Amino acid sequence: MSPLELSSPRWGLLQDAYGTAEQIPQLLAELESANAESFNELFGRICHQMSVYSSSIAAFPHLIAVASRLAPDAEFHADVLCLAGAICESDDFERELHQSEFSGALMASLPSAVSLAEAALRNATDQNQAIYLLKSIAAFGRMQELARVLEGFSNEEFTLECPSCVAQLYVWPSPEGFFIAAEDPVTYGQAERTNVAPGVSTQSKRQNELRWLDKQSSGVEGLAEVRTKLPYLFGEALCPKCKHAFPLFDVLAEQAS
């Protein structure tokens with residue numbers, strides 16, 4: 001199926017975060033001129049606080065087409081791909097995709113989205129940009145849980161509930177890998193901590209994700225530090241409160257669903 005033409009009046013029948021999507025075609029057209037104001041408004045309209053709308057599905061193929069025309073080192077090349085990735089990562093994505101008459105055009109553009117994002121990732125030297133490109137590739141592959149977990153690398157903090165005592169846990173990077181505290185380490189600096197044991201937890205059922213991450217991050221300058229943390233992300237965690245042991249990534253992914 002072909003994407004919805006930017007000149008079509010049907011955009012006015014679609015919804016964005018603020019009402020009808022009649023402004024979306026103009027904002028999409030302005031992306032190639034590296035208009036930061038237009039990009040920010042477009043992001044806020046079709047992926048507002050990680051919620052997506054009928055116009056988001058229709059806009060997706062156009063985002064990928066714009067990214068394909070931009071030079072790899074252009075200012076908005078990676079940003080456009082990351083906006084497309086954020087659409088696929090959204091909690092609302094599967095529902096909107098299922099309901100949309102433009103789902104076929106989106107699905108047809110996914111292989112190009114993956115290829116473009118993988119090429120951009122190989123050249124990424126900035127860690128934050130590399131993390132968001134990696135998240136986008138995962139989301140394009142319908143691995144939304146993995147994409148959401150990776151946000152913790154950007155925030156430099158992962159949060160979850162202990163699967164046993166439901167205490168709120170904070171997972172922070174450290175020179176030794178990751179440590180876990182049951183109170184916010186910023187506010188409670190002396191809170192009891194436990195270290196995550198490196199190596200794949202014997203309880204883990206998500207080793208395919210580790211292999212995928214290892215492959216995607218190999219040789220990427222911007223993910224060099226992230227790669228050193230992967231054995232801990234998939235390691236065995238210990239709740240500081242109740243001493244329950246659990247596979248860290250598995251629980252992070254389950255709670256991100």
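A residue is termed buried when its relative accessible area is under 20%, and exposed when that area is over 50%. By this criterion, in the predicted model, the buried residues of helix α9, which spans residues 207–217, are Glu209, Leu210, Trp212, Leu213, Gln216 and Ser217. Viewed down the axis of α9, these buried residues fall within an arc of 165° and therefore line one face of the helix. The face turned away from this buried side carries the exposed residues Asn208 and Lys215. The cover over the buried residues of α9 includes α6 (103–122), α7 (127–140), α8 (144–155), α10 and α11 (248–256). Helix α9 is followed by glycine 219, which has a positive phi, near 75°.

The protein chain as a whole contains 11 helices and eight strands. Its C-alpha atoms fill a box of roughly 60 × 35 × 35 Å along the principal axes. Buried residues account for 51% of the 257 residues. Among contacts with a separation of 6 or more, 62% join residues 24 or more positions apart.

Four of the strands form an open sheet in the order β3-β4-β5-β6, with antiparallel pairing. Strands β3 (158–161) and β6 (193–195) each have a single partner strand, so that one side of each is left without a neighbour in the sheet. From one strand to the next, the twist averages 30°. Within the sheet, the antiparallel strands β4 (residues 168–174) and β5 (residues 177–181) are joined by five bridges. Serine 174 stands opposite glycine 177 of β5. Helix α10 (residues 224–233) lies across β3, β4 and β5, and runs at about 50° to β5.

In soluble globular proteins, nonpolar side chains tend to be buried together. The largest nonpolar core of the model comprises 85 residues, and those with the most contacts inside it are Phe60, Leu63 and Leu233. Helix α4 (residues 77–89) gives the most to this core, with nine residues. With residues up to four places away in sequence left out of the count, leucine 233 touches Val149, Phe153, Phe158, Phe178, Leu248, Phe249 and Leu252.

Technical notes:
Residues are numbered from 1 along each chain as its sequence is written. This is a predicted model: local features need pLDDT of at least 70, side-chain atom pairs count only at pLDDT 80 or more; totals for chains, interfaces and linings use all residues. Side-chain values use heavy atoms; hydrogens and water are left out. Two strands pair if DSSP finds at least two bridges between them. Helices (H or I, at least four residues) and strands (E, at least two) are DSSP runs, numbered from the N terminus. Axes are lines fitted to C-alpha atoms, for helices over the stretch in contact, and angles run from 0 to 180 degrees between N-to-C directions. Contact means heavy atoms within 4.5 Å. Buried means under 20% relative accessible area, exposed over 50%, partly exposed in between (1.4 Å probe, protein chains only). The arc is that of the directions from the helix axis to the C-beta atoms. A nonpolar core is a set of buried Ala, Val, Leu, Ile, Met, Phe, Trp, Tyr and Cys residues joined through side-chain atoms within 4.5 Å.
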